Amino acid sequence: MKLLLAFATTALLAGCSTAQSATETPVTMDDIKELIGKPEAQSIDSCKVLPVGKRACGGPASYVVYSSETITDESQLLNAVHRYNEKAEKDAQTGYSTCQFIPEPEPQLKAGVCWIP
């Protein structure tokens with residue numbers, strides 16, 4: 001009976017480990033850009049800016065722009081950026097970066113596409 005209980009516990013933990021690692025797949029900047037696609041918009045109000053990455057001294061490493069008009073799943077994008085930023089924060093603890101502050105840029109709309117200078 002103890003052997004069966006030990007086997008069941010091991011199988012359960014292995015299943016949890018597999019499920020957990022599947023949700024912890026690292027998000028790359030390419031993944032984020034793919035979710036954003038081409039940020040087309042009719043109005044500047046649809047252009048949104050998100051901080052991405054972390055600097056060792058604090059603050060974001062850069063910013064990305066997306067359009068609320070063309071994004072298919074905004075919560076999926078926000079989740080991906082959150083996961084990317086969490087990993088970047090861990091990496092920044094052991095890495096090097098300049099301590100230059102990067103202010104959040106104002107999005108712009110040119111020829112129907114959101115962008116940041």
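Ala 111 is found in the loop between β3 and β4. Helices (H or I, at least four residues) and strands (E, at least two) are DSSP runs, numbered from the N terminus. The model is predicted: local features need pLDDT of at least 70, side-chain atom pairs count only at pLDDT 80 or more, and totals for chains, interfaces and linings use all residues. Residues are numbered from 1 along each chain as its sequence is written, and side-chain values use heavy atoms, with hydrogens and water left out.

Ala 111 has a positive phi of about 55°, although it is not a glycine. Most residues other than glycine have a negative phi. Ala 111 is also exposed, with a relative accessible area of 84%. Here, buried means under 20% relative accessible area, exposed means over 50%, and partly exposed lies in between (1.4 Å probe, protein chains only). A positive phi is also found at Gly 37, which follows α2; its value is near 65°.

The protein chain holds three helices and four strands. Along the sequence they follow the pattern α-α-β-β-α-β-β. Of the 117 residues, 26% count as buried. The protein chain exposes about 8,100 Å². Carbon and sulfur atoms supply 57% of that area. Accessible areas come from the Shrake-Rupley method with a 1.4 Å probe; for residues, only the protein chains shown count as cover. Contact means heavy atoms within 4.5 Å. Among contacts between residues at least 6 apart in sequence, 67% join residues at least 24 apart.

The interior was examined next. A nonpolar core is a set of buried Ala, Val, Leu, Ile, Met, Phe, Trp, Tyr and Cys residues joined through side-chain atoms within 4.5 Å. The largest nonpolar core has 12 residues in all. They are Val 27, Met 29, Ile 32, Ile 36, Leu 50, Val 52, Val 64, Tyr 66, Ile 71, Leu 77, Ala 80 and Val 81. Two or more residues of this core come from each of α2 (29-36), β1, β2 (62-67) and α3 (74-94).

In α2, Met 29, Ile 32 and Ile 36 are buried. Seen down the axis of α2, its buried residues fall within an arc of 60°, so they line one face of the helix. The arc is that of the directions from the helix axis to the C-beta atoms. An α-helix has 3.6 residues a turn, so residues three or four places apart point the same way. The face of α2 turned away from its buried side carries the exposed residues Asp 30 and Glu 34. The cover over the buried residues of α2 includes β1, β2 and α3.

Helix α3 has 21 residues. At 1.5 Å a residue, α3 should span 30 Å; its end C-alpha atoms are 31 Å apart, which agrees. The expected span is 1.5 Å times one less than the number of residues. Buried in α3 are Leu 77, Ala 80, Val 81, Asn 85, Ala 88 and Ala 92. Their arc, seen down the axis of α3, is within 135°, so they line one face of the helix. On the other side of α3, Lys 90, Gln 93 and Thr 94 are exposed. The buried residues of α3 are covered by elements including α2, β1 and β2.

The count of disulfides comes to one. A disulfide is a pair of cysteine sulfur atoms within 2.5 Å. Cys 47 and Cys 114 form it, with their sulfur atoms 2.0 Å apart. The pair links distant parts of the chain. Cys 47 lies in strand β1 (residues 47-52) and Cys 114 in strand β4 (residues 113-115), 67 residues apart. The torsion about the S-S bond of Cys 47 and Cys 114 is about -75°, so the disulfide is left-handed. Cys 47 is buried at 6% relative accessibility. Cys 114 is buried as well, with a relative accessible area of 3%.

Pro 105 is found in the loop between α3 and β3 (108-110). At 16% relative accessibility, Pro 105 counts as buried. Its contacts are Val 49, Tyr 63, Ile 116 and Pro 117, not counting residues up to four places away in sequence. Pro 105 and Tyr 63 are 42 residues apart along the chain, and their C-alpha atoms are separated by 7.8 Å.
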